[in-house]
Amino acid sequence: MADVKQLIEKLNDAQRKPVLDTEGAVLVIAGAGSGKTRVLTTRIAYLVSEKGVDPSRIMAITFTNKAAAEMKERLAKIIDGVESMWVSTIHSMCVRILRSDIEKLGYDRNFTIYDETDKDKVLKRVIEEKGLDQDKYLKLAKSVISNAKNDMLSPEEFKEEYSSMRAVDELYAIYDGYESQLARSNALDFDDLLLKTYQLFAKNSDVANYYANKFQYVHIDEFQDTNTVQFNIAKILCSVHGNIFVVGDDDQSIYSWRGAKIDNILHFDDVYRGAKIYKLEQNYRSTKKILALANCIIANNTGRRDKELWTENQDGVRIETFVGTDENNEASYTAMQIKNLMARSNYNYRDFAIFMRLNALSRAYEQEFMKYGIPYRIYGGFRFFERKEIKDVLAYLKIICNPADDESFLRAVATPKRGIGEKTLHDLREFCSAMGTSILNGLSFLEQSSLSSGAKTKLFNFGMLIQNFSAYANANSVTDLIKHVLDVTSFMAQFEEKSEENTSKIQNVSELINSAEQFEKDNAGATLADYLNSVTLSSDIDDINADDAVTIATIHGAKGLEYPCVFVAGLDEKVLPSARRLGDDEELEEERRLMYVAVTRAKERLYLTRAMSRYMYGGREYMTQSRFLKEAQPVLSPSSFSQERKPVREVGERSYSLFNDDADNSFNGGYSSSYARKTLLNKPKVQSSPSGNYKCGMKVKHPKFGEGTVITVKGAGDNAIIDVAFKGVGIKALAVKYAPLEIL
């Protein structure tokens, strides 16, 4: 075991103070890359090793499963007793508490946790039953219900609180029906995991007092991302001993859309009077140039605690910028930079990340990376456990674990096909709903229903199948249960036809079996419910960087990550910042925090890229640079850019340049003419039109792009490359020798 005193001596002064300040409320404002995890783990080790605190009386809440696992691993190398310590995400902590005491709220402890797909299906069914339009209400209701739960509002409280809201009666009916369906299915959604825990504490003082007494020291990481219900749970947990230690960075608060309240960290000392506040401003991750850019941008926010990151790291290479003609050109530049750096530097593919505001921007990168043979993984998209074939298998496990789970019943009974149609299931649901019972339990009363005798027989047989599976589950491992279910149902037969898609599905089911085996190896004595917990609470970033592949992720999925080389893509107005957030000052500040988070992921190299035009909302739009790039101008000096910068050419009343498509000259991109020429000359030749003496301002016509204006001319005669601004298309770089242009 490590010497904890030596670990404390290795901390800098700013880190050491909160580690040694163990009593009462403590807030640590930890800038990006300032070593907050080291502070957290050292403080916990200090409590155990030097203060003699029982590890079982310490709680540490982290943001992701990955962070929790890393913290446990670090602590296990320093102190004994880590296995008795509660180190987890807040959702995992709540599940643990609910599995023990949720019966006090009228639920069975084998409740099912519904993911987003399950939630959508239930909502669609409720909306249909209410006779409402799914297209109009599904997305709205989903958001409204989640926000209401995060603010601890029941359907009735929501209706009262938002009585003046348009369609409040319809939304109340959907929320109320959704809650009734979940209760009947003994199921909780992700928001319920928090809300039900709070309600359990609020309605059962004995339970609340038990946990408040048990945990002498409560630690919470990423405190800026806590919502109202999380904040209140934390208050209850530290209500007896008063020792709450929170770490966070208001400059990285980027989850208001899912209920996070930045005020929780900004006004922490107003709630916890006498709280001590410490700041960690020394950055150990990034170069001086990268931090200068980050500080320059975030300084434009007003709703923040004052701080400025600094580092003893080297100055580092210049920050590169690039303006592509379109999204494909932007992605192609990124691909070439990665290839070049791989060829001349000691990087692996996993050292590169592309971060973007919108998932939709990833398409161009997928296309270009495949073209260049660059391995990549997209995060924030479709997770392994959300694939259809995986959810189909898990549906059997869920109905075995929780017989009241209607959603899992309906999914399992439909796969593989067993001759039970949609109408039969619809009538069955209505029958069971009228009986006030779950569907599986309702099979016992089928003789009272109006279903056909054939349907009754098939449904009865399915019910017996689930009973047999339940008996098997009681005597066998989770891994064996999965294999048994697959075998008895002939599940894999549906993938017998040879195809790439079926091969992939077979491999996915095989990987599911492997995941169960690994889980049981890592968790001796684990139950089926434990395995389903781990699956449902998994995150796609838990295994990020597991392969040697470039990471492509949204900025929201980038929290807590770092890479030697980072590309921040799509730095266009209405992309970052998002068009939806331009009319609200608070939301615009959150967009700026997104930019700050993206920039501070970079350790050695940072690239800022954008495109002059993008295909968006069904058409190609001319883009202007993000305001955040303009704010970065004091740091992005001319020396930071390509030496091939060209002067701005005047075209009518608008200034254009290959490097600057904004009239105010505020952003000069790193797009070079040699790169454009290389890209163009690799394209297949087309029949050329007579070349002319092209000049800036000249009107031309292209058979595909229409009429345009020449804005830049490089070279002369047949060897010239010209940039043409086409209305509604954007700027295109064209080789006059090959481009089918007509001079107007």
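**Entry 1: helix α22**

I began with helix α22, residues 453-475: at 1.5 Å a residue its 23 residues should span 33 Å, and the end C-alpha atoms sit 34 Å apart, which agrees. For the expected span I took 1.5 Å times one less than the number of residues. Helices here are DSSP runs of H or I with at least four residues, strands are runs of E with at least two, and both are numbered from the N terminus.

A note on what I am looking at: this is a predicted model, where local features need pLDDT of at least 70, side-chain atom pairs count only at pLDDT 80 or more, and totals for chains, interfaces and linings use all residues. Residues are numbered from 1 along each chain as its sequence is written, and side-chain values use heavy atoms, with hydrogens and water left out.

Which residues of α22 are buried? I found A455, K456, L459, F462, G463, L465, I466, F469 and A473. Buried means under 20% relative accessible area, exposed means over 50%, and partly exposed lies in between (1.4 Å probe, protein chains only). Their cover includes α18 (388-401), α19 (406-414), α20 (422-435), α21 (439-442) and α23 (478-489); contact here means heavy atoms within 4.5 Å.

**Entry 2: the open sheet**

Next I traced an open sheet of six strands, in the order β9-β14-β13-β10-β12-β11, with parallel pairing. Because β9 (320-324) and β11 (376-379) stand at the edges with a single partner strand each, one side of each has no neighbour in the sheet. From one strand to the next, the twist averages 20°. Two strands pair if DSSP finds at least two bridges between them.

One of the pairs is Y563 with A602 in β14.

Helix α16 (residues 327-344) lies across β9, β10 (352-356), β12 (550-554), β13 and β14, and runs at about 155° to β14. Such angles run from 0 to 180 degrees between N-to-C directions, with axes fitted as lines to C-alpha atoms, for helices over the stretch in contact.

**Entry 3: helix α26**

How many of the 15 residues of α26 are buried? I counted twelve, so this helix is largely enclosed by the rest of the structure. Among them are L588, R592, M595 and V599. What covers the buried residues includes α15 (288-298), α27 (627-631) and the strands β10, β13 and β14.

K119 lies in helix α6 (residues 116-129). Is K119 buried or exposed? It is buried, at a relative accessible area of 3%. Leaving aside neighbours within four places in sequence, K119 is in contact with Y114, K142, S146, Y178, D189 and D191. I also noted that K119 and E407 are 288 residues apart in sequence, yet 9.2 Å apart in space, C-alpha to C-alpha.

E179 belongs to helix α9 (residues 168-184). With a relative accessible area of 17%, E179 counts as buried. Not counting residues up to four places away in sequence, E179 touches K149, P155, D192 and K196.

**Entry 4: the whole chain**

Stepping back, I found 28 helices and 23 strands in the protein chain. Buried residues make up 56% of its 744 residues. Among contacts between residues at least 6 apart in sequence, 74% join residues at least 24 apart.

My search of the whole structure for disulfides (pairs of cysteine sulfur atoms within 2.5 Å) found zero.
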